[in-house]
Amino acid sequence: MDRTLLEIHDYEGQGYQPLVDFAGWRVAILRYLDGLHPDRINSMERHTETDEVFVLTKGKATLLMGGNGPQVDGVYPQVMEIGKIYNVKCLAWHTILLSRDASVVIMENRETGPHNSQYNDLSTEQRKLIVEIARREQSAFWT
């Protein structure tokens with residue numbers, strides 16, 4: 001196919017990979033990486049200027065929300081369903097649990113990055129809760 005008419009992208013690696021970047025928006029794929037294992041999640045992030053959209057395309061994933069106050073105020077799980085659109089609102093603390101075979105499409109403002117994002121370290125209790133949620137919600141996180 002002529003790339004001036006149609007681009008086709010795929011990503012099978014680990015972690016976050018932007019694939020389309022055009023006119024103010026970006027589409028990326030997020031896949032499992034060791035830093036997102038339930039035992040290793042130490043913080044949540046939030047974006048100060050934009051929403052961020054997640055769509056699970058395969059595997060299992062749980063969005064972990066942390067409120068929208070000045071710091072993470074809890075850990076609230078949302079098990080994702082394949083094909084549904086999850087719009088994480090501007091200023092909402094979040095992170096994600098992914099099974100090793102998971103693939104999530106992320107759509108966001110192309111300017112989203114460390115300069116307009118904030119990060120909050122999780123307490124020991126919040127980190128333990130994430131591990132409990134992973135065990136309860138998705139045994140796939142432990143394989």
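Begin by selecting Asn120 and Val72: a polar atom of the Asn120 side chain lies 2.7 Å from the backbone nitrogen of Val72. The model is predicted, so local features need pLDDT of at least 70, side-chain atom pairs count only at pLDDT 80 or more, and totals for chains, interfaces and linings use all residues. Residues are numbered from 1 along each chain as its sequence is written, and side-chain values use heavy atoms, without hydrogens and water.

Remain at Asn120, which belongs to strand 10 (residues 117-121). Asn120 is buried, with a relative accessible area of 13%; buried means under 20% relative accessible area with a 1.4 Å probe, protein chains only. Show its contacts (heavy atoms within 4.5 Å): beyond neighbours within four places in sequence, these are Asn42, Ser43, Met44, Gln71, Val72 and Trp93.

Next, select Met80, whose C-alpha atom is 23 Å from that of Asn120. Met80 is one of the 16 residues in the largest nonpolar core, where Phe54, Met80, Ile96, Leu98 and Val104 touch the most other members. Such a core is a set of buried Ala, Val, Leu, Ile, Met, Phe, Trp, Tyr and Cys residues joined through side-chain atoms within 4.5 Å. A second, separate core of 11 residues includes Ile41, Trp93, Ile130 and Ile133.

Finally, move to Glu52 in strand 4 (residues 52-58). Which side chain of opposite charge is nearest to Glu52? That side chain is Arg26, 7.3 Å away, and the buried Glu52 has no salt bridge, defined as a side-chain nitrogen of Lys or Arg within 4 Å of a carboxyl oxygen of Asp or Glu. The side chains of Glu52 and His47 are joined by a polar contact of 2.8 Å.

Terms used. Helix = DSSP H or I, 4+ residues; strand = E, 2+ residues; numbered from the N terminus. Buried < 20%, exposed > 50% of the residue type's maximum accessible area, 1.4 Å probe, protein only. Lys, Arg positive; Asp, Glu negative; His and termini not counted. Polar contact = N/O pair within 3.5 Å; in protein donor to acceptor, adjacent residues only side chain to side chain.
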